[in-house]
Protein chains: 2
Amino acid sequence: MAATIKDIANRTGLGVATISSYLNGGNVREKNREKIELAIEELHFEVNEVARGLKTNRTHTIGVVIPELNNIFCTEIITGMEDILRKKGYATIVCDCRTDKKLEREAVDFLYRKRVDGIINMPVDSTGAHLEKFEKANKPIVIIDRKLPQIYCDSVLVDNRDAAGKAMEILIKNGHKKIGLITGPEDIYTAKERSLGYEAALSKAGIPVDPNLVVHCDYTIRGAVAGVEKLLDEHPEVTALFAANYEMTMGAMIVLSERGISIPQKMSVIGFDNQEFARALHPKLTIITQPTEAIASQVAQIMLERLEGDKQSLPREIYLKTEVMTGKSVKHM
Amino acid sequence: MAATIKDIANRTGLGVATISSYLNGGNVREKNREKIELAIEELHFEVNEVARGLKTNRTHTIGVVIPELNNIFCTEIITGMEDILRKKGYATIVCDCRTDKKLEREAVDFLYRKRVDGIINMPVDSTGAHLEKFEKANKPIVIIDRKLPQIYCDSVLVDNRDAAGKAMEILIKNGHKKIGLITGPEDIYTAKERSLGYEAALSKAGIPVDPNLVVHCDYTIRGAVAGVEKLLDEHPEVTALFAANYEMTMGAMIVLSERGISIPQKMSVIGFDNQEFARALHPKLTIITQPTEAIASQVAQIMLERLEGDKQSLPREIYLKTEVMTGKSVKHM
DNA sequence: TTCTGAAACCGAATCGTTTCGGTTTTGCTG
DNA sequence: CAGCAAAACCGAAACGATTCGGTTTCAGAA
């Protein structure tokens, strides 16, 4: 049905090799160039990238595997990457693995069969075993948000321990001692790091760490709602909360709003990510923000460099810093 | 490098046709099945979907073209669709066209060259000209959020006029007469429909429509911030605001929060989409919500049906209703 | 044991490109 | 105008799967 290179060749009286050469920027005589362009126009020819991919072994497609698409940190990064990659002619296939190792492996295998040129992963499985196929095939791997020592790959991450430390420092400096931490599951790297930052800050200030004040949710809004409700019921002595990602921040705010607990009078709060959300609240929320734009552009940039030939240079580890956006949600005790 | 069907054939002493048949669910003798599976295991064979796609003319990939990835309505729909489609073995390639007709066309052409099996589009170009290639190739097209009369395709949409009508009814019933509308550009179908719903509701209630109270932003947070600031400065008589999508709702809330305008005492507000956001605010925001889950599953379902053979049945138009989630952000005058 | 129909197996052609090595054309130079 | 290098052109062989039509093998019946 659709026109092929052969049709263009017949129409113009040229050989297929010449057409192919033209399509790839090769030189053809002016007269022939016109003929070819006319034929392409008339026959509505469009290169078949599938065939091209089979021959060249490059699909100009990048796989992206993330734990949750319904997570604004992920979607912001994806948006940024997609933008950069598509400008360079690369498509991205995004797979959400629902924070499930098995689904993650399936997604990676799926992308391997599709012969994507490289893979970007915010990994659930910390061994990285699911990525071995790509490693063997010598296809570039870029990891977001953690290190995978067993795998030959680049990684882009933020200093999560420091991020939690910054939040805690603010709360402690304002005289808070009973600080609730709303964090993710221990087996998620970023959650663990943030928990460690929380503990380190307390210890440094000489405040004992009360494990009862640490709520392990699942990084979702719904989970945090339940977790915060329980924490408030069982520990009325808490004067401040630190929520260690955006979804849980929202969950905490929902509970506080629905219970009519005023901020910061009755409860001080520090959240995570999403500046617009923080600004839309009254009083404005103090948050720790991650540089999603920068992460996205670093990841895309590294991937492009690896794709365009830099196969041998050593794996890179890029660390980015979080920042504090100060609001009015912390009370001085 | 990677093992091919031929390698498996050699290893097992069988023919390539037999291996192919096995891979596609055909029958082989028990003894051979074991041999094949062993060989696949040992050689780490994975079907090359690119080659398969060339031969079968089906890539098991769906293209999705949307105006903005940074729009929660879009991302929610995408998440839902991706989930359903991938369970059936389809990958999705998502392209964000930044609400730009030219980029939209480029994205569609790009996906056509990649020979996606079908396309899902929330169109910017209302003529649908960019989709003609898919129409000619007889590949299924599913449209979200508007109708494209010139193109043979299915569409899934919500009743936007009614959505705006519902919001206005609440405000009018509560005695508001000077109601500001924060809406999108006139050339975006959903924005126009919502504007029409606004006007219709006012007229029906016998309240004159003051075009100065209608702010045309660009459907973004930033745009709404500027628009609402201007509106408040120039029209202090406004007692209520209706923001016609989620991003603009957030923009409006940012301005109100930063100016310390209390809700609903000084200003009544009705927003759009994102229930969690509405709940996290205090007082809880009244909003109009779109059934994103249902939209996603309808779109995916229709696409799957078209892909699995139903090429001839007439184009479908699915209408879904919005709902009101009542908060405490509207004052009775 | 032989026969028979069904099930299993097979090689070759094909999908639409790129690429290899070789041939023709072109535009100069002398 | 002959000679020549460079540029343009060319056909055929891949890439790795599926599929077509035809051949072999098998299990059970006679």
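In which sense, parallel or antiparallel, do strand E10 (residues 286-289) of chain B and E12(B) pair, and over how many bridges? They pair in the antiparallel sense, over 3 bridges. Two strands count as paired if DSSP finds at least two bridges between them; helices (H or I, at least four residues) and strands (E, at least two) are DSSP runs, numbered from the N terminus. For one bridge you can look up yourself, find Ile288(B), whose partner in E12(B) is Val324(B).

A word on what you are looking at. This is a predicted model, in which local features need pLDDT of at least 70 and side-chain atom pairs count only at pLDDT 80 or more, while totals for chains, interfaces and linings use all residues. Residues are numbered from 1 along each chain as its sequence is written, and chains are lettered from A and ligands numbered from 1 in the order in which they are written.

Back to the sheet. In chain B, 6 strands form an open sheet with mixed pairing, in the order E7-E6-E8-E9-E10-E12. Strand E7 (214-216) and strand E12 (323-325) of chain B each have a single partner strand, so one side of each is left without a neighbour in the sheet. On average, neighbouring strands are turned by 15° against each other, direction ignored. Helix H10 (residues 221-234) of chain B lies across strand E6 (179-183), E7 and strand E8 (240-243) of that chain, running at about 160° to E6(B). Here axes are lines fitted to C-alpha atoms, for helices over the stretch in contact, and angles run from 0 to 180 degrees between N-to-C directions.

Now let us bring in the other chain. Chain A can be laid on chain B with an RMSD of 0.1 Å by a turn of 180° and a shift of 0.0 Å along the axis, the copies being superposed by least squares on the C-alpha atoms of residues with pLDDT of at least 70 in both. That is the relation of a two-fold axis. In chain A, the C-alpha nearest the axis belongs to Ile93(A), 2.5 Å from it.

How do the chains meet? In all, 41 residues of chain A are in contact with 40 residues of chain B, contact meaning that C-beta atoms, placed from the backbone, lie within 7 Å. Among the elements giving two or more residues to the chain A side are helix H5 (72-87) and strand E2 (91-96).

Finally, the DNA: 26 residues surround DNA strand D, and the closest are Gly15(A), Ala17(A), Asn27(A), Val28(A) and Ser20(B). A residue is near the strand if its C-beta atom, placed from the backbone, lies within 6 Å of it.

Notes: Two residues are in contact if their C-beta atoms, placed from the backbone, lie within 7 Å.
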